Amino acid sequence: MTPVQFKSARRALGLSAAKMAQALGVASGRTIRRWEAGESGIPGPTALAMWFLLIEARIEPEFDRP
């Protein structure tokens, strides 16, 4: 999952960076913003969790799956 895809998915879920951090169990919204800016890599399990969140919310991503 690319940073752009991650940010698009978060927005589609209607979550702020802070709320996304809570949902994924990461330290803070700052971590989310770093991933979205491409400053650090998005861990594989986190990307997978994002896909599951989209599926659970019945949201079709606006990008191709990897």
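Among the elements of the chain, H3 has the highest mean pLDDT (97) and H4 the lowest (93); pLDDT is the predictor's confidence in each residue, from 0 to 100. The chain as a whole averages a pLDDT of 91, and 92% of the residues score at least 70. This is a predicted model, in which local features need pLDDT of at least 70 and side-chain atom pairs count only at pLDDT 80 or more, while totals for chains, interfaces and linings use all residues. Residues are numbered from 1 along each chain as its sequence is written, and side-chain values use heavy atoms, with hydrogens and water left out.

**Helix H3**

- H3 covers residues 29-37, and Gly29, Thr31, Ile32, Trp35 and Glu36 are buried in it. Helices (H or I, at least four residues) are DSSP runs numbered from the N terminus; buried means under 20% relative accessible area with a 1.4 Å probe, protein chains only.
- Seen down the axis of H3, the buried residues fall within an arc of 155°, so they line one face of the helix. The arc is taken from the directions from the helix axis to the C-beta atoms.
- These buried residues of H3 pack against helix H1 (3-13), helix H2 (17-24) and helix H4 (44-56).
- At the start of H3, a side-chain oxygen of Ser28 comes to within 3.2 Å of the backbone nitrogen of Arg30.
- Gly38 follows H3 and has a positive phi, near 75°.

**Nonpolar core**

- The largest nonpolar core has 13 residues, and those with the most contacts inside it are Phe6, Met20, Leu24, Ile32, Trp35, Ile42 and Met50. Such a core is a set of buried Ala, Val, Leu, Ile, Met, Phe, Trp, Tyr and Cys residues joined through side-chain atoms within 4.5 Å.
- At least two residues of this core come from each of H1, H2, H3 and H4.
- Leaving aside neighbours within four places in sequence, Met20 is in contact (heavy atoms within 4.5 Å) with Phe6, Arg10, Leu13, Leu15, Ile32, Met50 and Leu53.

**Aromatic pair**

- The count comes to 1 aromatic pair, where ring centres (for Trp, the six-membered ring) of Phe, Tyr and Trp must lie within 6.5 Å; planes under 30 degrees apart are stacked, over 60 edge-to-face and the rest tilted.
- Phe6 and Trp35 form this edge-to-face pair, at 5.6 Å centre to centre and 85° between the planes.
- The pair links Phe6 in helix H1 with Trp35 in helix H3, 29 residues apart.
- Phe6 is buried at a relative accessible area of 0%, and Trp35 at 5%.

**Arg10**

- Arg10 lies in helix H1 and is buried, with a relative accessible area of 9%.
- Not counting residues up to four places away in sequence, Arg10 touches Leu15, Ser16, Ala17, Met20, Ile32, Glu36 and Met50.

Technical notes. Buried means under 20% relative accessible area, exposed over 50%, partly exposed in between (1.4 Å probe, protein chains only). A polar contact is a pair of N or O atoms within 3.5 Å; within protein, one must be able to donate a hydrogen and the other to accept it, and residues adjacent in sequence count only if both atoms are side-chain atoms.
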